[in-house]
Amino acid sequence: MTQAQYSGAELVVKTLSALKVKYLFGYPGGTVLDIYDALFQQADVEHILVRHEQAATHMADGFARATGEVGVVLATSGPGATNCITGIATAYMDSIPMVVLSGQVPTGLIGDDAFQETDIVGCSRPIVKHSFNCRRVVDIPNTLAKAFYIASTGRPGPVVIELPKDILMPQNKRAAFKFDPEVTMRSYNPTVKGHHRQIKKAVNTISQAKRLVIYSGGGVIIASAAELLTELVEKLNAPVTNTLMGLGGVSGLHDNFIGMLGMHGSLEANKAMANADVILALGARFDDRVTNNVNKFCPNATIVHVDIDPTSISKTINAHIPVVGLVDVVIKQLLNELEQQEFTPNPADNQNWWQQIEQWRAVKSVSYQQDDGKIKPQRVIEAMYQITQGEAYVCSDVGQHQMFAAQYYPFAKPRQWINSGGLGTMGFGLPAAMGVKLAFPDSHVICITGDGSIQMNIQELSTCLQYNLPVVIISLNNRSLGMVRQWQDMVYGGRHSSSYMESLPDFVKLAESYGHVGIQINTLDELDDKLQQAFAIKNRLVFVDVLVDENEHVYPMQIRTGAVDDMWIKKGVKA
Amino acid sequence: MRRILAILLENEAGSLSRIVGLFSQRAFNIESLTVAPTEDASLSRITIVTKGNDKILEQIVKQVNKLIDVIKITDLTERSHVERELLLIKVLAMNEKSRSEVKRITDIFRGSIIDIGKQIYTIELTGDVEKINAFIQVLANETEIIESVRSGCVGIARGDKALSVK
């Protein structure tokens, strides 16, 4: 008996189904119509039609961040594919597993500047983990399998596959559905375990530290290592700080948690870093938004750096003890080694260190003053936290609201905090929240945004209606591009060049016109009640337009070109 | 410091562009680059001559290694190695004196004249970079250089050390 033969388009869909893909985020167009036709004739993979391909990538990204699964995007050639670029770059910077299937003009037309032709593999080359030019029908299943494997293993990242139209069409060549779920590649074998000698060295250094800080990043979230991290923190009784990407890696309510570090981190976190004798970096990459001036960064600390990606180690800050491996596996190795050495923290050193940290904590650097009737943006985040009892998925756009959310919503669990940390992509929040809501329909999913960011993908309100995605959008509306304005106030002599939004729409009416609920909050006394109302509406999207104090700045803030702990605590006050 | 990197990678569409793109994207220097398939047609070997201090070189090696297509990369300059470059050069050889002088210089450098035109000699020379530079310098003092092409450096480790898939 001969095996059943399938078209390329059918093979794409069959492979996605075999890879257990539930959702495909995309937008149809000429070169991928055969895939859409194949999707129409099956029920395993649900296609979510966005209104702009950028949103498809962010939606897949949000889905991936919340679930840990690979987010999958389908776009047509040319503009469909180029519209994905920002979303691919966003996923790349934050190491998010994503596969983007892009159409391409028929093989015979490639290079002719055919209608809707772009070299998407070329365009995306610097922002992908890998990409494939698939050129034969028979190669489709294994190319997809490889793409998923590459996207989701080692340091995850986006993978682009270009599929020319002629290999998809049913009237052209067909092939059997042959597919090896076990992928092996001679050129790609990511490290798993940390080298045992490095583990020993790391533990020897950690156990002799007098002032140890654990600095953990997005790697802990990606590797689902939060529980192990907490165990390590408790075993060492060490202070732990999270990067923006690492929030939730240890509970924001844990006694040992000293807050986020970096540009808008807490004083105690940055001070602890600056005064540490040993820094244990776990799945973090010494980003410039953490280090401030690298030449002044923690000169007295011995740095133990654990990361799956060797390029992240000693790229900006020299690591004294590098450990390459999956962060969950390495933490287990560290715990085992500590166990074998029967380690307990030296009580005197540990107590001295904590006493010092408590003094910095007492400054309460993450705080604000409610000095007039205006709604402070921080107060909105606090209310949001109270109402959702800290259990919401908070998906953020980029700007002041992002920093306020990071500072004032303590995340108890990993994957609760979803934001574009590396690329800082405005317009990320809403589609990301939609991807999360799709994965977790019964949870509170918030899109925290501002009047600038929300307008960068606001067309997705239409998608939300079509697929019934009742996210709660909370827009901290300050009638300006707040973070830009803050920098202009602080660095550019208060010249607000192009940071005003002088022609904002009526967001309530706008939400209503898309078939959603719009609520505006104007005064402080109505804040809690109206927010309660918004969260009480479970089956409809609610757009909450909160008119906040337009003069509020994000503090604390590192002083430019200074050391990690050179900070403004509030306007004009240095630490 | 000058470094010679040997890279073994999958011989697939786009592999070379990933290497070249990586160098420009991260502002790494490329002095020369050569590429060709190996005896195993599924593999390509690239030799890149670059410059940088230890920190930059460490990043280059790690970043290249991170590319999915790359099987191995090694810094040949770290240990004993052989490097060669091929030069093809056309020089003016108008009269008896200049022809015999060009021939003499070519012999001294152990090059060979591989083609003769009405007024032009084409010479082939293999050697390391210094030898080739010296040869070009000497020729330039003697006659007029019409055209030249250099292959870029290729290199291999001395002794039993080998760059292979294994």
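Colleague: How far apart are the C-alpha centres of domain 1 of chain A and domain 2 of chain A?

Modeller: This is a predicted model, and in it the C-alpha centres of domain 1 and domain 2 of chain A are 38 Å apart. Domain 1 covers residues 5–176 of chain A, domain 2 covers 196–362, and domain 3 covers 377–554.

Colleague: And how many residues of domain 1 of chain A are in contact with domain 2 of chain A?

Modeller: Six residues of domain 1 of chain A are in contact with six residues of domain 2 of chain A. On the domain 1 side of that contact, one residue is nonpolar, three are polar and two are charged.

Colleague: Switching to helices, at what angle do H3 and H17 of chain A pack?

Modeller: Helix H3 (residues 53–67) and helix H17 (residues 429–439) of chain A pack at an angle of about 50°, and their axes are 7 Å apart. That angle is why H3(A) counts as oblique to H17(A), and the crossing of H3(A) with H17(A) is right-handed.

Colleague: Which residues in H3(A) meet H17(A)?

Modeller: Among the residues of H3(A) that take part are Ala55(A), His58(A), Met59(A) and Phe63(A), and those they meet in H17(A) include Pro431(A), Met434(A), Val436(A) and Leu438(A). The residues of the contact of H3(A) with H17(A) divide into twelve nonpolar, four polar and one charged.

Colleague: Now chain B. How many residues of chain A are in contact with it?

Modeller: 15 residues of chain A are in contact with 18 residues of chain B. The chain A side of this contact divides into five nonpolar, five polar and five charged residues.

Colleague: How many helices and strands are there in chain B?

Modeller: Chain B has four helices and nine strands, and from the N terminus on the elements run β-α-β-β-α-β-β-α-β-β-α-β-β. Along its principal axes, the C-alpha trace of chain B spans about 55 × 35 × 35 Å.

Colleague: Which feature does UniProt place at residues 4–78 of chain B?

Modeller: The feature is "domain: ACT", again from an unreviewed UniProt entry. Residues 4–78 of chain B are 32% helix and 37% strand in the model, and the end C-alpha atoms of that span lie 9 Å apart.

Definitions and conventions. Residues numbered from 1 in each chain as written. Chains lettered and ligands numbered in written order. Predicted model: local features only at pLDDT ≥ 70, side-chain atom pairs only at ≥ 80, totals over all residues. Domains from an automatic or database assignment. Contact = placed C-beta atoms within 7 Å. Nonpolar A, V, L, I, M, F, W, Y, C, P; charged D, E, K, R; others polar. Axes fitted to C-alpha atoms, helices over the stretch in contact; angles between N-to-C directions. Helix = DSSP H or I, 4+ residues; strand = E, 2+ residues; numbered from the N terminus. Parallel < 35°, antiparallel > 145°, perpendicular 65-115°, else oblique. Left-handed = near helix turned anticlockwise from the far one by under 90°. UniProt positions renumbered as here; feature names shortened; annotations may be inferred.
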